[in-house]
Amino acid sequence: MIDIKQKRISRTDLEQNFREVEPALSERDAVQEANRCLYCYDAPCIKACPTGINIPSFIKKISTGNMLGSAKTIMEANPAGASCSRVCPTEELCEGACVLNSSGSPILIGKLQRHATDWAIKSGKDLFSPGTANGKKTAIIGSGPAGLSAARELARLGYKAVIYEAEAEAGGLNTYGIVSFRLPKAIAHWEAEQIRRMNVDIRTSTKVGRDVTAEELLAEYDCIVLAAGMSKVPDLGIEGEELEGVLDAIEFVKQTKTADLRSDIAGKRAVVIGAGNTAIDAATCAARLAAENVKILYRRTQEEMTAYDFEYEFAKQDGVEFRWLTAPRRIISNDRGEAAGIECIQMMLGEPDQDGRRRPVPIEGSEHVLPADIIIKAIGQQRHGSLIAQFGLEHKKGVVLIDTETFQTSNPKVFACGDIVFGKGKGEAMVVTAAQQGKQAAHSIHKLMQKEERRKANG
């Protein structure tokens with residue numbers, strides 16, 4: 001647990017607060033842990049992994065010293081395997097399915113996966129190579145887990161893959177959106193570099209609609225993979241939102257990974273609105289930037305929050321306070337036009353809404369003010385409406401509609417995967433799920449191209 005009460009903090013201490021918190025296994029501990037595995041014939045851990053990593057196989061390879069084989073087994077199934085070893089909710093997936101849960105503690109699958117992929121990173125070895133060129137070209141929009149995964153699979157199948165990334169660095173969510181003390185940028189960069197070295201052309205700082213048009217892409221490429229994720233946090237729609245000190249959670253977390261760590265947060269009182277994983281990340285970032293006090297406000301209860309349980313526990317360890325059944329009404333300013341507090345109202349849960357969650361209802365007369373110098377909005381993310389419109393795709397409130405087996409959109413040349421096709425729901429928009437969808441979209445494109453080739457050959 002870090003001390004969030006300190007008023008001043010040195011640059012060195014700030015940097016220390018953002019170093020990776022979870023220690024890696026030692027060589028000895030990794031081998032001992034690997035030898036605990038029962039190598040189940042019908043391994044439930046494999047079935048629980050969205051990418052289907054052969055977990056007993058990679059663990060067995062660790063126990064026998066075959067680290068290259070272990071890393072290849074992981075990354076073959078999951079091109080974001082190094083990132084996932086750090087951010088996957090393993091207790092809900094592979095470790096949750098481990099048969100040893102019934103008699104003790106599960107195998108530390110996530111840590112063993114990290115051990116193998118860390119070895120691969122340090123070794124500098126290329127794990128995969130491109131397939132024989134087939135003359136087909138694909139464009140991938142977005143270089144997050146879904147886009148990189150799609151590009152990797154397409155390159156292995158012989159396609160010329162070109163990634164268009166609006167940001168200055170590749171990696172998407174893993175590079176910009178997950179806090180450094182859980183996922184260092186270097187890990188996401190290594191995954192992107194592995195794919196770049198398969199002759200995948202990653203064009204950063206290139207935005208569709210600004211630097212290249214949808215029409216140009218549709219004309220130049222045989223198929224397109226839309227893997228652009230989601231956009232900024234929407235407005236709260238309350239008075240005072242324009243005040244200095246009101247921040248977007250996505251941009252706030254991004255700053256901690258791309259720019260100098262903000263020293264102006266130290267000693268201030270921070271309030272985060274929302275209770276998803278991004279809200280937790282924003283709150284823990286504020287704590288590690290030495291905010292005097294950090295509170296999360298959520299209009300529902302702990303049972304309805306969409307953040308993973310391990311994220312919630314992590315935030316509590318950093319001293320973050322949670323105010324359940326609390327909704328913001330307006331942001332209060334001081335005489336300098338800065339945020340100074342937030343007026344809230346207590347809520348109670350009523351009947352379920354169309355999402356199946358009980359609707360929060362305000363309790364009249366329960367208004368109260370919380371002092372706050374920094375207010376961070378984390379109430380979900382907007383969709384890429386403009387980008388979707390440029391391709392003329394069918395969607396539902398910004399969620400691109402796809403054939404759930406092929407990932408093909410309403411435009412037969414365009415496939416979509418990752419956050420851009422995810423709706424609401426806890427645990428749905430995971431890095432590992434996005435990586436799996438990228439693979440599936442790539443193989444669907446390959447099947448379509450093969451079908452067209454057969455049709456042409458048959459006249």
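How do the residues of the lining of the largest cavity divide into nonpolar, polar and charged?

Analyst: Some ground rules before the tour. This is a predicted model, so to speak of local features pLDDT has to be at least 70, and side-chain atom pairs count only at pLDDT 80 or more, while totals for chains, interfaces and linings use all residues. Residues are numbered from 1 along each chain as its sequence is written, and side-chain values use heavy atoms, with hydrogens and water left out.

Now your question: the lining of the largest cavity divides into 11 nonpolar, 6 polar and no charged residues. Here Ala, Val, Leu, Ile, Met, Phe, Trp, Tyr, Cys and Pro count as nonpolar, Asp, Glu, Lys and Arg as charged, and the others, Gly among them, as polar. A cavity is a set of points, on a 1 Å grid over the protein atoms alone, where a 1.4 Å probe fits but cannot get out; a pocket is an open set with protein on both sides within 12 Å along at least five of seven lines, and lining residues have an atom within 4 Å of a point. Grid points are joined across faces, edges and corners, and a volume is the space filled by probe spheres set on the points.

The structure holds 5 cavities of 30 Å³ or more. The largest has a volume of about 130 Å³. Its lining has 17 residues, and C49, C88, T90, C94 and Q113 lie nearest the centre. Two elements, α6 and α8, each give two or more residues to that lining, and α8 gives the most, with 3. Helices like these are DSSP runs (H or I, at least four residues), numbered from the N terminus.

On to the second largest cavity, with about 100 Å³ of space. Among its 13 lining residues, C37, C40, C45, C98 and I107 are the closest to the centre. By class, that lining is 13 nonpolar, no polar and no charged.

The open space has another make-up. The second largest pocket has a volume of about 570 Å³. Of its 23 lining residues, E22, R86, T90, K111 and F310 are the closest to the centre. Elements giving two or more residues to this pocket's lining are α6 (81-87), α8 (109-123) and α15 (309-317). By class, the pocket lining has 10 nonpolar, 4 polar and 9 charged residues.
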